[in-house]
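Here is a short report on how the parts of one protein chain pack together. Look at the structure first, then read on with it in view.

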Amino acid sequence: MDMKALKTFQMIVKLGSFNRAAEELNYVQSTVTMQIQKLESDLGVQLMERSKKIRLTEAGRLLYEQSLSIVQQVDSLQTNISDLQRGEAGHVRLGVTEPTGSRRLPELLGKFLTQYPQIRLSVDFANTPALSGRLQQGELDIALCSSPDIGSGLYFEPLFKEGFVMLLPENHPLASKPVIEPGDIQGHRLLITSAACPYRKKLQMVLQESASVPIDTMEIGSMTALPHYVKSGLGIALVPSIALDPLPAGTIAKEVGSSLIDMTFGIMIRSPYEVMTSAGFRLYRFLKEELSV
């Protein structure tokens, strides 16, 4: 069934005239007549009785009533496909680590969706190793995280350095020091993240170089939970400075005297040579522009 002929048929019924339908559609009348004749031939029925006033046959009434939603759905489908090709629609699966997922991303994604309201986003929270695995399995399109392990085969582009500070209870013995050096941590309980956390691995390397004896540690599985454990007096912790706005009551943040503590943060995809969807590419480019320092 010719969709153009179906739309012409609907216009004739709406306006009650072949001439008026031809004018509205910017056709010559002979084109309108030919389209209706072809439509009737394709269906094998007469759709309307031609006289001074157009009257629909029973088949014509049935076609008109049931074709309204069909034409609307086809028009909507064509619009959606066009939007998809232009990158203005589609579904993008984004993975992210904390605290960026909670602190930086909501405002950025709000801005992005204002520009592209037809694009649908899913946001998955996990640590870098988990996000790397999901990217490799095709479960994510893009990830915002720290650098993946060497040999992962993933493409990682650094965007900025995540700054860390030492968070202490305000009555802690180290609270009077203007800067906390890695060696100062010895003799105090240090709250650390899970063994799978890339930052913990980096932190352990820095501490091993400065501490002569093992440091007392307590493992807390969530980076975002660390400030609450410090507030309760369970120990001290190195936390991203962005996660301390506002500073938890009863705590104090101190500068750390080692630039090695800071963590490189960036955007990760499977390969720079992989063809992304238009919507995925728009989000990838947007995040790079917004987060690059």
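In this predicted model, the axes of helix 2 and helix 3 come within 8 Å and cross at roughly 110 degrees. That makes helix 2 roughly perpendicular to helix 3, since angles from 65 to 115 degrees count as such. Helix 2 brings F18, N19 and A22 to the meeting, and helix 3 brings Q29, V32, T33 and I36. By class, this contact has four nonpolar residues, three polar and no charged.

Between these two helices, 18-25 and 29-43, runs a loop that holds N26. Its phi is near 60 degrees, a positive value in a residue other than glycine. Is N26 buried or exposed? N26 is exposed, because its relative accessible area of 70% is over the 50% cut-off.

Helix 3 also packs against helix 1, which covers residues 3-15. Their axes are 9 Å apart, at an angle of about 110 degrees. Helix 1 and helix 3 are therefore roughly perpendicular to each other. On the helix 1 side, the contact is made by K4, A5, L6, T8, F9 and I12. On the helix 3 side, V32, Q35, I36 and L39 take part. Seven of the residues in this contact are nonpolar, two are polar and one is charged.

Now turn to another helix pair. Helix 6 spans residues 105-115 and helix 10 spans residues 278-291. Their axes come within 11 Å and cross at roughly 130 degrees. The crossing is right-handed. Helix 6 makes the contact with L105, L108, L109, K111, F112 and Q115. Helix 10 answers with R282, L283, F286, L287, E290 and L291. The residues of this contact divide into eight nonpolar, one polar and three charged.

One residue of this contact deserves a second look. L283 sits in helix 10. Is L283 buried or exposed? L283 is buried, because its relative accessible area of 0% is under the 20% cut-off. Which residues does L283 touch, leaving aside its neighbours within four places in sequence? The partners are V92, L109, F112, L121 and I142. Take F112 as an example. L283 and F112 are 171 residues apart in sequence, yet 7.6 Å apart in space, C-alpha to C-alpha.

Next come the nonpolar cores. In soluble globular proteins, nonpolar side chains tend to be buried together. The largest nonpolar core here has 30 residues. Those with the most contacts inside this core are M166, L190, Y199, L203 and I261. Two or more residues each come from strand 7 (164-169), strand 9 (190-192), helix 8 (198-210), helix 9 (226-231) and strand 11 (236-240). Which element gives the most to this core? Strand 7 does, with five residues. I261 shows how the parts join: not counting residues up to four places away in sequence, I261 touches F164, Y199, L203, V206, L238 and V256.

T251 lies in strand 12. At 6% relative accessibility, under the 20% cut-off, T251 counts as buried. Leaving aside neighbours within four places in sequence, T251 is in contact with L167, L168, P169, E170, V230 and K231. T251 and P148 are 103 residues apart in sequence and 32 Å apart in space, C-alpha to C-alpha.

| Peptide bond | Form | Omega |
|---|---|---|
| E98 to P99 | cis | near 5 degrees |
| D245 to P246 | cis | near 10 degrees |

Where do these prolines lie? P99 is in the loop between strand 3 (90-96) and helix 5 (100-103). P246 is in the loop between strand 11 and strand 12, and strand 12 covers 251-256.

Definitions and conventions
Residues are numbered from 1 along each chain as its sequence is written. This is a predicted model: local features need pLDDT of at least 70, side-chain atom pairs count only at pLDDT 80 or more; totals for chains, interfaces and linings use all residues. Side-chain values use heavy atoms; hydrogens and water are left out. A nonpolar core is a set of buried Ala, Val, Leu, Ile, Met, Phe, Trp, Tyr and Cys residues joined through side-chain atoms within 4.5 Å. Buried means under 20% relative accessible area, exposed over 50%, partly exposed in between (1.4 Å probe, protein chains only). Helices (H or I, at least four residues) and strands (E, at least two) are DSSP runs, numbered from the N terminus. Contact means heavy atoms within 4.5 Å. Axes are lines fitted to C-alpha atoms, for helices over the stretch in contact, and angles run from 0 to 180 degrees between N-to-C directions. A crossing is left-handed if the near helix is turned anticlockwise from the far one by less than a right angle, and right-handed if clockwise. Ala, Val, Leu, Ile, Met, Phe, Trp, Tyr, Cys and Pro count as nonpolar, Asp, Glu, Lys and Arg as charged, and the others, Gly among them, as polar. Angles under 35 degrees count as roughly parallel, over 145 as roughly antiparallel, 65 to 115 as roughly perpendicular and the rest as oblique.
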